[in-house]
Amino acid sequence: MTPGSPPPRPAPDPAPTADQATEDAMSNATTVSPAHSASTASTLITNIAALVTNDPSLGDGTPLGLIRDAAVAIEGDRVVWTGDQSKAPATDNRVDAEGRAVLPGFVDSHSHLVFAGDRTEEFNARMSGRAYSAGGIRTTVAATRAASDAELERNLTRYLAEALRQGTTTFETKSGYGLTVTDEARALRIAAAHTDEVTYLGAHIVSPDYADDPAGYVSLVTGEMLDACAPYARWIDVFCEKGAFDGDQARAILTAGKAKGLHPRVHANQLTYGPGVQLAVELDAASADHCTHLTAEDVDALANSRTVATLLPGAEFSTRAEWPDARRLLDAGVTVALSTDCNPGSSFTSSVPFCVALAVRDMGMTPDEAVWSATAGGAAALRREDVGRLTPGARADLVLLDAPSHVHLAYRPGVPVVSAVWRAGVRAV
């Protein structure tokens, strides 16, 4: 990629129907991909105590598609075989998992990693009793504007490496700490050098430069700023919340983004009840993120749409806010994702395992549900079918735990149980 040039932007994939997904899984699940042969698979990871495939047609028949005494074969950057290790194909190389668990790499579908500065004092004050509000973002905006491109990229790559060590192999990240045409575009350009899942969030808050002219800022976000940012992004997002953007403003921003080929995501219903979830469903947003304060109508709308509810427990942990009710969403049939919301103000963690533990402890999720939401759920929130699962044709993103079961992610909170990570078929940790 030429420095400064826009990367190719993949079009969002349509979500498969349940029947299509089941048929695809049944046809591919335990056989070598037609494009490969077992004899040329390059690496076999064997002696896996428990393999999470996220294919319910495999193994124990649960959504995790858990296979005991399993193996998985990789060729190039793809998975080419999964199944009982006694039936594993011959390969050039073997890796002995020594009775550990293997699961898909985590898909972190919501983060804010292009920033500068530090908000330790704000966090300390909040933990002493001061409530979080959207206005704190302005502190990071000032620091980010003052930082060089090199500083912003160093910060980004630092947090990406930190996340990778904890098993994250796919991530989305946003702009939103520049709030000028130049600063938003450079944030997206920097992010696009590291991921295809780039989100334009010029509508994070109203820029301090437009404090007395919110309508003027919406015009900028939907006009000149959008024109400069769209070539680098796949998604458009808006913080639809009191203190940020109301429903009409959010609709105008997301509609303008759709006209430029960007698909919507929405920061929705985090701090209070509001129009964000309904707007997300109306505009077929891939994800409504936070979803802390929901009416029965909001839950019903999500359950009858393909919009994923992305829950961000790191934010509630770091702000002592009310936990999202994951149990309510799951029981209603809503697709749920778990993500870190890694950002310097309200959720400064890059650890998906930590968020899994929080979801199990405080949000009513089972360990199986939390692991599915952090892998397949995150993939659904990005409308991706090539990640978040370990079946033939999927990208070879794998996490090896220093534990015999994926349940240890919640069972041993705070312990570094991730012992190895493969990303696109290459061992990265």
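Which helix and which strand each supply at least two residues of the lining of the second largest cavity? I looked this up in a predicted model, where local features need pLDDT of at least 70, side-chain atom pairs count only at pLDDT 80 or more, and totals for chains, interfaces and linings use all residues. Residues are numbered from 1 along each chain as its sequence is written, and side-chain values use heavy atoms, with hydrogens and water left out.

**Entry: the cavity**

I found helix 4 (149-165) and strand 6 (168-171) as the answer, taking helices (H or I, at least four residues) and strands (E, at least two) as DSSP runs numbered from the N terminus. Helix 4 gives the most to this lining, with three residues.

**Entry: helix 8**

I then turned to helix 8, residues 247-259, whose 13 residues reach 18 Å from the first C-alpha to the last, close to the 18 Å expected at 1.5 Å a residue. Within helix 8, I listed G247, A250, I253, L254, A256 and G257 as buried (under 20% relative accessible area, with a 1.4 Å probe and protein chains only). D246 caps the N-terminal end, where a side-chain oxygen lies 3.2 Å from the backbone nitrogen of D248. Just after helix 8, G261 takes a positive phi of about 90°.

Methods:
The expected span of a helix is 1.5 Å times one less than its number of residues. Buried means under 20% relative accessible area, exposed over 50%, partly exposed in between (1.4 Å probe, protein chains only). A polar contact is a pair of N or O atoms within 3.5 Å; within protein, one must be able to donate a hydrogen and the other to accept it, and residues adjacent in sequence count only if both atoms are side-chain atoms.
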